[in-house]
Amino acid sequence: MTQLNELALDSTSLLSDSLSSDVASIVLDQSQVQFYAAKLKMDKAFLNLVLVNVATGINQFRLHLAHTRLKGDIDIINLYGETEKIDALQKQTMVRLERRFRSVLKTDKFWDQTATWILLRLDQWHREGLMPSDCSVVGVLSLESGDDLTDSDEWRESLVTSACAFHTASQWLRHLNLSGHSAAEIDKLLGVKSVAAATREPLFQDAEVERVATGYPILTGAQALINSQWEDGEYPYWKKLVGEGFIQHQIVRQSPSNQQIELVPGKAAWEIIQQFGPEAAYVFLIFSSYATDSEEPWAEQIRLKGTDLIRLFGWGKRTDITIAQKLKKIGHLVELVCSLSVLVSNINIGAKRYNVERGAMWTLEGLGYAGQLALTMDINQPDSPTYEAGEPDELYIKVRPGVWTEKFLNASDASAKEALFQYGYLAKSTLQINPYRQRLASKLAIFLTIMSRIRDDGRYEVRTLLERLEPKDLLENVQEDRLRRIKLINQWDSALLTLKELGWEIDFDQATYPESIRPAWSLSDDLDSGYRPRNWLATWLRAIVIIKPSVKIQEKLGGHIPVALKPSRTPAQPPLLTSEAIQAALDAKGMTKAQLADALQVDRSLVTRWLKGQRTIQPKHRTRIKALLGDFDGQM
């Protein structure tokens, strides 16, 4: 029997056109098709029409199975009303149905052919003055083909779109093959009966990459899990300045029974922080990816199975630990990730207002182990066998995204639309980097996955990356210890090689990254890397490395949304003023950071933060810096 959560169809092909021969020969402008396809995909109205028709069709079949359909004219039954009556048109059911067709909806071909279907019929209607015959759906539009309805383009488009949604839903219903399922399964599909929600479909079922949001809470949350740059205090915290506000993470304890959270103080918090690492960040990114595809993530519970995560992490071939130990490790990682809180502080100087909101990044609503019962026998009581729980063979995870998603992942919040465009792509291979053998590679892959959308040129200073990923005292220690310096650059070269082997594009800036300190694997056979020059550390830390994700991911990032559909209210951003450019200009002018700070009348620590990439340079300061240092390297 075909499972309900599988869709084995090529639903990108709509019903064959029945247009008149001269109209059918029309070749549409591809840019028009792509624009319209993007519009259909983005505003969700067409998809909702399809899903309502699918739900209504499923309920029609359900009524047939239950023998509740009336005899005679089927139009006596108001199928839409009957479907609405059983709450099958509620948001949760629509989300479940949409997930069934996820693999189809993710294809550009489906949206392009849908747009083509609609545009051709609108063109036919305009040319002939009559509604196309396949746009008059009996019982839905209650109109007859050939009627001269109205001159309104909006009305025509509404009718054609509704007909397209009806035909698409009819095709999807055929491929669901409802006749092969029981009444109980149909009820479950519509959410009619109270049944345990199914676990989410595992990621990477039909693709090697999955979409993941890259907004600030996700960027800072991932960093908090991998770079150990926590500050001490009564309640230890990880903090990043963002604009005029900041985002702060702390450690919380929460109970799955009541979802109450409380801050964990001092030593107890540090014991949790010390257990953070790339594997916890992998779980964090998986949660983020699931939340990215949900229209209201804060209202939807994410349900996962531990065995799916074991396969995703590539632990299936590990023989050093049992399946039970793997599941317990997964459970522990989930608990670690759910101990991370987020506090978003927005400060509006102009309006003299501030807003602070704290909550768990991920609310843990259930962590349940399951396994076989083992029969035991007491030799002193042979007639009284007992059962004991054996080792678990499955773990059921229930997590809900925190309230921060209402601001950063809210499809209905017009003010958050821009944030919704901030997503990148998580590669399956990233989750399978062994963090014990390739610690720095795993951290780089996590951080760069999120940064790929933000830094599309892929240019990073070596020092900046190390400061983002490693403990604060690392660079201070390597200055004094030759062996540590050598170990660090060897780890770096090995990490870059790991990323390259996984499909990342690695290149080196000709001006700042000399061949004498580049990885041996990056040099041609006729070049001998030899020995690194004296005082190579300073040159290496200032060197620029260019790291971009795979070509496939770059294509997806580049094709996110047509320019014409981007919010027009968002002003174009000027080129970034990089820390490398400022430092180079200071050196050229013979100025120090302190002198620049005095000239700008700002605190010297602010200049340091600019040079470390820890603080955004405001427009008023950009203008002053340009006046002081000049327009250099085209960076300003």
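Among the contacts in the chain (heavy atoms within 4.5 Å) between residues at least 6 apart in sequence, 73% join residues at least 24 apart. This is a predicted model, in which local features need pLDDT of at least 70 and side-chain atom pairs count only at pLDDT 80 or more, while totals for chains, interfaces and linings use all residues. Residues are numbered from 1 along each chain as its sequence is written, and side-chain values use heavy atoms, with hydrogens and water left out.

Of the 636 residues in the chain, 43% are buried, where buried means under 20% relative accessible area, exposed over 50%, and partly exposed in between (1.4 Å probe, protein chains only).

A search of the whole structure finds 18 salt bridges, each a side-chain nitrogen of Lys or Arg within 4 Å of a carboxyl oxygen of Asp or Glu. One of them joins Glu231 to Lys472, with the closest N and O atoms 2.3 Å apart. Glu231 lies in the loop between α10 and β2 and Lys472 in the loop between α18 and α19, so the pair ties together parts that are 241 residues apart in sequence. Glu231 is partly exposed at 29% relative accessible area, whereas Lys472 counts as exposed at 53%.

Arg439 and Glu470 also meet through their side chains in a salt bridge, at 2.8 Å from N to O. This pair links distant parts of the chain, with Arg439 in helix α17 and Glu470 in the loop between α18 and α19, 31 residues apart. Glu470 counts as buried at 3% relative accessibility, while Arg439, at 32%, counts as partly exposed.

Key:
Helices (H or I, at least four residues) and strands (E, at least two) are DSSP runs, numbered from the N terminus.
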